[in-house]
Amino acid sequence: MQTSNHWINDIYQDRDGFMWVSARSGLYRYHGDGSADYEVISEGKMFYDISQDADGVMWLMSSEGLVSYDPATCRMMDVSMTSEILSAENWVNCFEISDNNDFWWNENGSIYVRSAITKEKVLAGVCEGGVCDLHIKNGIVHVLTEKGTIYRFSLDSTGIVIELPPLRIHEHEV
């Protein structure tokens with residue numbers, strides 16, 4: 001697949017096996033069936049990060065804020081949560097949605113969560129060293145920094161943040 005602008009920001013495989021590509025030039029969905037066929041979902045808007053919630057809705061960080069796209073209805077909409085939860089003056093470069101719809105994101109090196117239970121923005125922790133990516137596995141949020149530290153967070157059953165000991169990636173000499 002080629003885009004009119006080769007700057008690819010994220011690739012995400014959804015639960016149905018489709019590959020989503022966010023780029024400076026738009027949002028694309030590759031069918032993943034071995035053919036070269038893909039759909040142009042949106043052009044002219046820059047997209048950075050992609051995630052999917054428990055209902056199958058795709059969530060995208062765009063140059064204009066948070067956007068949701070429902071593949072079942074082909075409906076894309078700007079989300080008001082951007083102004084209520086995400087600070088417009090701060091840079092959000094990555095986010096992730098857990099299986100129970102907790103929304104985690106990086107905002108200028110601080111990790112925040114909007115719990116599906118409490119619906120409130122909570123500071124989970126501060127990560128030193130520039131956040132590169134967030135990933136959720138088995139209910140634990142892993143935050144990778146440029147300095148090679150992996151910060152880890154989780155939520156208990158009432159929506160309270162639990163900070164786990166960080167992991168360090170060590171460089172090995174060859």
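The legends below describe close-up views of a predicted model.

Local features need pLDDT of at least 70, side-chain atom pairs count only at pLDDT 80 or more, and totals for chains, interfaces and linings use all residues. Residues are numbered from 1 along each chain as its sequence is written, and side-chain values use heavy atoms, without hydrogens and water.

**View 1. Confidence along the chain.** Mean pLDDT (the predictor's confidence in each residue, from 0 to 100) is 80 for the chain. At least 70 is reached by 84% of the residues. Helices (H or I, at least four residues) and strands (E, at least two) are DSSP runs, numbered from the N terminus.

**View 2. The open sheet β13-β14-β15-β16.** Four strands pair antiparallel in this order. Pairing requires at least two DSSP bridges between two strands. β13 (131–137) and β16 (161–168) are the edges; each has a single partner strand, so one side of each lacks a neighbour in the sheet.

**View 3. The β13 and β14 pair.** Six bridges join β13 to β14 (residues 140–145), and the two run antiparallel. I136 has V141 in β14 as its bridge partner. The loop between these strands holds N138. N138 is not a glycine, yet its phi is positive, about 55°. N138 is exposed (over 50% relative accessible area), at 72%.

**View 4. K119 in its loop.** K119 sits between β11 (110–114) and β12 (121–126). Its phi is positive, near 60°. Most residues other than glycine have a negative phi.

Definitions and conventions
Buried means under 20% relative accessible area, exposed over 50%, partly exposed in between (1.4 Å probe, protein chains only).
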